[in-house]
Amino acid sequence: MKTSADLVRDYLSAVGREASALPADRRQELLADLAEHIEVARAERPDASPAEILAELGDPRTIAATALAEAGHGTAGATGAGAWTAGPAGIPAGDGGAPPARRGKVHPLVPLLMLTLSLPFMMVFSAQPGPLFGVLFRLVGAVLLCTSVHWTAVQKTTGVLLTAVLPSVLFATWNLSNGTSQEDGAALLPNLVVFALLAGVAAWLWRVRRV
């Protein structure tokens, strides 16, 4: 008897075979989006069986046909009543009574602003509880980034590492080597460096986001 992992693997393999005409990078992106959609659906609906979730996504041939049509390699395999409509990254939005692909409830700009502006907030309001709120902004921004549907898992991991983990490491290293706190004027240089890093990562995430 096949396990849940086997069903999902077979389903993604079938989509990959049907979409073999797509460029390799586009095909991998489609499979990654489908895998993430399945993972999110299983987390949100633990009572639903993998077979039910895969059935709601649709036939692999139809999904591949939709992706190929978007890429200009052909036409979608279904038209008229009950036809699939293309969702983000070529994932069908639904057919008949099937639920549409999940859309983000939080605008993608929100986590980027929280991650980027947390540092200026801490610099302006250097007295407590300003730094505490700044850290909270950064943590909430990281959580919103990780739970957003606008980026892939790799992009989310990279964003969190560069906007939340790396700044903490840089500040800790600076303070240990200089014996200063962030309230001191000597901390201006690392603050500016980290702010430039945050702004650059936010700009990159905004550019690569999925609409």
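How far apart are the end C-alpha atoms of helix H6, and what span should its 18 residues have?

## Helix H6 and its length

This is a predicted model, in which local features need pLDDT of at least 70 and side-chain atom pairs count only at pLDDT 80 or more, while totals for chains, interfaces and linings use all residues. Residues are numbered from 1 along each chain as its sequence is written, and side-chain values use heavy atoms, with hydrogens and water left out.

Helices here are DSSP runs (H or I, at least four residues), numbered from the N terminus. Helix H6 covers residues 130-147, and at 1.5 Å a residue its 18 residues should span 26 Å, which agrees with the 26 Å that separates its end C-alpha atoms. The expected span is taken as 1.5 Å times one less than the number of residues.

The residues of H6 that are buried (under 20% relative accessible area, with exposed meaning over 50%, partly exposed in between, for a 1.4 Å probe and protein chains only) are Gly 130, Pro 131, Gly 134, Arg 138, Gly 141, Ala 142 and Leu 145. Seen down the axis of H6, these buried residues fall within an arc of 120 degrees (the arc of the directions from the helix axis to the C-beta atoms), so they line one face of the helix.

On the other side of H6, Leu 139 and Val 143 are exposed.

## Salt bridges

A search of the whole structure finds four salt bridges, each being a side-chain nitrogen of Lys or Arg within 4 Å of a carboxyl oxygen of Asp or Glu. One of them joins Glu 18 and Arg 61 at 3.9 Å, N to O, and this pair links distant parts of the chain, with Glu 18 in helix H1 and Arg 61 in helix H4, 43 residues apart. Glu 18 is partly exposed at 35% relative accessible area, whereas Arg 61 is exposed at 57%.

Another salt bridge, at 3.0 Å, N to O, is formed by the side chains of Lys 156 and Glu 36. Lys 156 lies in helix H7 and Glu 36 in helix H2, so the pair ties together parts that are 120 residues apart in sequence. Lys 156 is buried at 9% relative accessible area, and Glu 36 is buried at 15%.

Notes. Helix = DSSP H or I, 4+ residues; strand = E, 2+ residues; numbered from the N terminus.
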